[in-house]
Amino acid sequence: MSGTVKPLPLGLQLTWSAAIYDPRPTDLILLVQDIAFGVHKDVLQTNCDYFRAMFTLQMVELTKDVITLNLFQPKPFQILLESFYSGYLQPTEDNIFSLCETAQMLQVSSSLLSKCSNFLLSWINCDSVFDIMFRSNSTTLYFPEVHSAAKRYALAHFSDLLKSDVLHKLSLEELCIYLSDKYLVVEKEVEVVGALRTWFQHNDQVPTHTVSDIVLKCVHTHETPSSIQHVVKALIDSDESHLNDISVFLKERQKLHDIFMFWSLSDSGVSTGYGDVFRVSPSTWQASKYDNMDAVEALPVSDMGTAVCCVASVVYLSGGGNKFGAVNWIRDIWMFDFSLPVERWTAVGKLTESRRHHAMVSVENCLFIFGGFGKFRVRNIKLECFHLSTGLWEVLPVMLEHVVSPAAVTSGKTIYYLGKGQTIYSFNTIVKSWTCYQCQSLPSPGVMSVAMHVDPRKSNSFLGLFSGDGKCCLQSFHLDGPIVQAREECSLSLDSNLTFAGSVISGANMLLFFCTSKEDTTRSSGTSESLIVRSFCLQTGLLTDSQVITGVCNALSIVCLPHIPVTQCLLLSPNADQ
């Protein structure tokens with residue numbers, strides 16, 4: 001054939017030739033499972049170490065015009081060859097794993113490997129995550145950064161994966177590796193038992209005598225023979241009601257958290273405005289930039305008026321705007337998934353009307369939005385429900401009392417928010433009705449409610465934060481019929497330069513964040529800001545001294561998300577956390 005050094009062996013035809021990219025005569029024929037490729041040695045040497053070694057280390061192939069390669073598959077080999085000449089590589093979901101395996105065997109250039117790994121990173125979702133997680137750390141493929149990213153996503157999205165059929169398709173070894181991870185984000189340990197039970201129902205090859213070992217490895221129990229026996233019975237018994245009886249034998253997993261700050265301002269002195277997301281480690285109080293918010297708003301300001309709420313490992317954000325004009329409202333509802341390695345922001349819906357300084361909470365798979373202002377500062381008393389599964393809105397009974405920036409929280413299927421006076425309001429999302437509770441010991445009218453949390457110490461109890469008149473106080477509330485029992489937990493004085501920035505509950509502690517400002521002639525604004533945190537222990541009632549958070553000096557929205565460390569490959573180094 002024209003352009004080749006020697007004719008092909010009898011019976012073979014040239015299937016692919018580099019002549020379509022390079023007019024020079026080809027000087028080598030590669031046979032991959034009897035498929036013939038006409039190529040140039042110099043191009044191969046430039047693009048991969050496999051051939052560079054073959055042609056420079058005096059190997060026997062150096063003098064051959066036809067080389068047989070038995071280790072490769074023709075299709076991915078051809079795609080990589082084409083990329084050597086064109087510089088273009090477009091992986092697909094169907095060929096990505098064979099491409100990655102071939103690319104690593106050929107030891108192609110780092111730029112081509114990056115294209116493969118970047119595709120895998122962008123493809124991580126509930127359907128693909130386990131394929132990516134386990135295949136990127138196998139005997140034929142090793143992408144540790146991809147494996148780590150997929151693992152983070154899988155650990156963060158246990159509740160979503162539990163609803164799909166992907167868990168059923170795992171091998172028993174893979175399932176145990178996943179469920180036994182101490183960073184698995186699980187609300188209740190009985191859900192792990194439920195996941196194992198469903199897997200057993202779809203896979204009948206597990207010997208009964210091994211179930212106890214599986215329970216010990218995957219489920220957090222009290223590790224007594226009785227506890228393990230009851231869990232095993234719940235797994236193998238046909239009566240699913242046994243799942244409801246085993247909670248007493250289970251231990252909740254230790255939950256570690258990171259603090260995420262939205263609309264944050266860096267303390268580096270090189271200001272990019274309030275357009276960044278920072279992650280803060282509670283062990284060091286060091287903040288590091290995690291992402292930006294350009295997708296949400298390109299020109300954020302110090303008073304955005306957005307509402308945020310957390311659902312497991314994701315944060316939802318809605319409303320507000322930068323006040324630079326009547327049209328600059330954020331109308332999209334945004335979802336931020338911290339466990340994704342790329343493209344963490346996704347628009348999931350649109351508000352029915354413009355809102356700012358409102359509340360947004362989540363119950364099951366719905367977002368409830370109420371309060372705040374609309375255009376022209378018109379008070380908005382509507383309660384609306386956005387169904388995430390369908391993208392549809394539902395109009396519900398209006399608020400009993402309008403509040404700006406309502407301090408709100410959910411418990412079970414009920415929404416609670418603090419009123420302006422001596423009142424707490426609740427909305428039952430099942431019967432869709434409001435209830436008003438009277439409280440005789442709320443702070444004075446000059447002190448405004450700024451946050452509300454579920455009290456983890458006692459059922460049907462809540463914690464409210466109030467700020468104003470130079471102080472910040474924390475009160476606990478217990479709902480007992482129409483009357484609210486309230487008592488003050490702690491109170492602290494606030495200097496004039498100290499403003500409340502946010503609060504979260506992490507474990508047994510409530511973390512209180514404050515922004516401080518002081519004169520600074522070196523800055524164009526004339527002032528400098530810093531962010532401090534104080535920790536209130538809910539068990540002992542002790543309040544720690546202030547600690548300065550380094551890396552960030554202000555934030556408009558602060559939330560608490562599960563801590564999932566970046567790890568080395570799970571199968572090779574199961575205990576290697578960075």
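At roughly what angle do the axes of helix α9 and helix α10 cross?

The model is predicted: local features need pLDDT of at least 70, side-chain atom pairs count only at pLDDT 80 or more, and totals for chains, interfaces and linings use all residues. Residues are numbered from 1 along each chain as its sequence is written, and side-chain values use heavy atoms, with hydrogens and water left out.

**Stop 1**

Select helix α9 (residues 172-179) and helix α10 (residues 190-202), whose axes cross at roughly 175° and come within 12 Å. Helices here are DSSP runs of H or I with at least four residues, strands are runs of E with at least two, and both are numbered from the N terminus. Axes are lines fitted to C-alpha atoms, for helices over the stretch in contact, and angles run from 0 to 180 degrees between N-to-C directions.

Now display the side chains L172, L175 and L179 of α9 with V192, L196 and W199 of α10, which make the contact (heavy atoms within 4.5 Å). The contact of α9 with α10 comprises six nonpolar residues, no polar and no charged. Here Ala, Val, Leu, Ile, Met, Phe, Trp, Tyr, Cys and Pro count as nonpolar, Asp, Glu, Lys and Arg as charged, and the others, Gly among them, as polar.

**Stop 2**

Move to helix α4 (residues 96-106) and helix α5 (residues 110-122), which pack at an angle of about 150° with axes 10 Å apart. Helices α4 and α5 are therefore roughly antiparallel to each other. Their crossing is left-handed (the near helix is turned anticlockwise from the far one by less than a right angle; clockwise would be right-handed). On α4, select I96, F97, C100, A103 and Q104; they meet L113, C116, F119 and L120 in α5. This contact of α4 with α5 has eight nonpolar residues, one polar and no charged.

**Stop 3: the sheet**

Finally, colour the four strands of an open sheet, in the order β7-β6-β5-β28, with antiparallel pairing (two strands pair if DSSP finds at least two bridges between them). At the edges lie β7 (286-292) and β28 (552-562), each pairing on one side only. Neighbouring strands of this sheet are turned by 35° against each other on average, direction ignored. Strand β5 (residues 257-266) is joined to the antiparallel β28 by nine bridges. Zoom in on S266, which stands opposite V552 in β28.

Methods: Parallel < 35°, antiparallel > 145°, perpendicular 65-115°, else oblique.
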